[in-house]
Every structure is written in C-alpha cells, then in structure tokens.
Amino acid sequence: PRLATLGGGLLYSPLSALLRLVGRRSAAFDLFLIAATNARLADAFAHAGPSRMVVVPQCMRSGECRARLHPIEGYKCMRCGKCVLGELSKSAEAMGLRVFIVPGDRYVRRLVKLFAVNAALGVACPCELSEAMLATMRMGLAVQGVPLAYDGCFETRVDIERVKEAMRRCGMSSRE
C-alpha cells in the first residue's frame, strides 16, 4: 500500500491522462488508489488524535433539501429525512465525529486547517475522493475514503453501512 500511494500520488495526473488517452476510464485507477490509501493509513486513522471529521459531498442531499450553504462549514443538515445525511450525521455525532457537507475539495482543505483535524473520513465519487485523499495525506492527515455507490453530481448515493463501519474504525482509540 505504501508504494502504491507514493507512486499513485506522484504519477496520478500523468497516469490518468494516459488512461483517458487510450480510451480507459480512470475510475479503476482511482478505486485502486483509494483502497491502497485506506490500507496504508488504517492504523493511523483508528488511533489519530481527538479532532476527527467526516466529509460528504453536497450532491448527496435531496433535490428538495432546504439547507443553506455556510461560507466556512458547508451545509448544515436539517435532518428532514429526505436523504441519508440526517442518519449519517446522527451516527457520526454519537461517535464524536463532526460532519461537514461540502460543495468541493477547497472546503476540505480549509476545514482541516481551521479545526486542526487529525483524521478525516471522506465520501465522494472515485476521482474526487482519490485526489482529496492524496492531498490531505500530504498535509499529514490520517484519512480513509468510501467511494459513492452512485455518482452523477445530483442525489448521489453511498453504502451507508460502509460509511458507518469506517466511522467506527475512526473512533476506535477514543473508546479504548
């Protein structure tokens, strides 16, 4: 995993461009990098310091969502029940994790710095997630990622049980 994430981090852009050039989607490459990063940082993630967050994309919100965008913290879930974000937020908060629903990776970098985050669990489409994981890993963050099960930038879906399991792993050291 260490070699895969190091090589993937250095060669991500050229390899993605090459795969697109030969007519291959880079999703498989992104999924490989996510799995390698998850394996490499699993222990660090489970035993990171107390400031932990879960970052999910705003595209998981319902089309009927009334939440407003906060300029610093992203969307604040109103727990209306129209999507899974209310359930996810409730579970995360019960484990001592802060949830941020964000419109893009710039928010993630800002939140990491603002809240001095030690560990982050990201949920996103494979291409966005692999890039964000590599970028935050370079910032010294213990990261894990769960790719969306269905993407498309609107009312996307994730396997919520996979996210909850990753949240449990993130909170392991605080319960030991």
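Student: What makes cysteine 153 count as exposed?

Tutor: The relative accessibility of cysteine 153 is 67%, and exposed means over 50% relative accessible area, with buried under 20% and partly exposed in between (1.4 Å probe, protein chains only). Cysteine 153 is therefore exposed. This is a predicted model, in which local features need pLDDT of at least 70 and side-chain atom pairs count only at pLDDT 80 or more, while totals for chains, interfaces and linings use all residues. Residues are numbered from 1 along each chain as its sequence is written, and side-chain values use heavy atoms, with hydrogens and water left out.

Student: Why is cysteine 80 called partly exposed?

Tutor: Its relative accessible area is 48%, so cysteine 80 falls in the partly exposed class.

Student: What makes arginine 61 a residue without a salt bridge?

Tutor: A salt bridge requires a side-chain nitrogen of Lys or Arg within 4 Å of a carboxyl oxygen of Asp or Glu. The nearest side chain of opposite charge to arginine 61, glutamate 155, is 9.6 Å away, and arginine 61 is buried.

Student: Which residues does arginine 61 contact, beyond neighbours within four places in sequence?

Tutor: With contact meaning heavy atoms within 4.5 Å, the partners are Ala67, Tyr75, Cys83, Leu85, Ile101 and Glu155.

Technical notes: Lys and Arg count as positive and Asp and Glu as negative; His and the chain ends are not counted.
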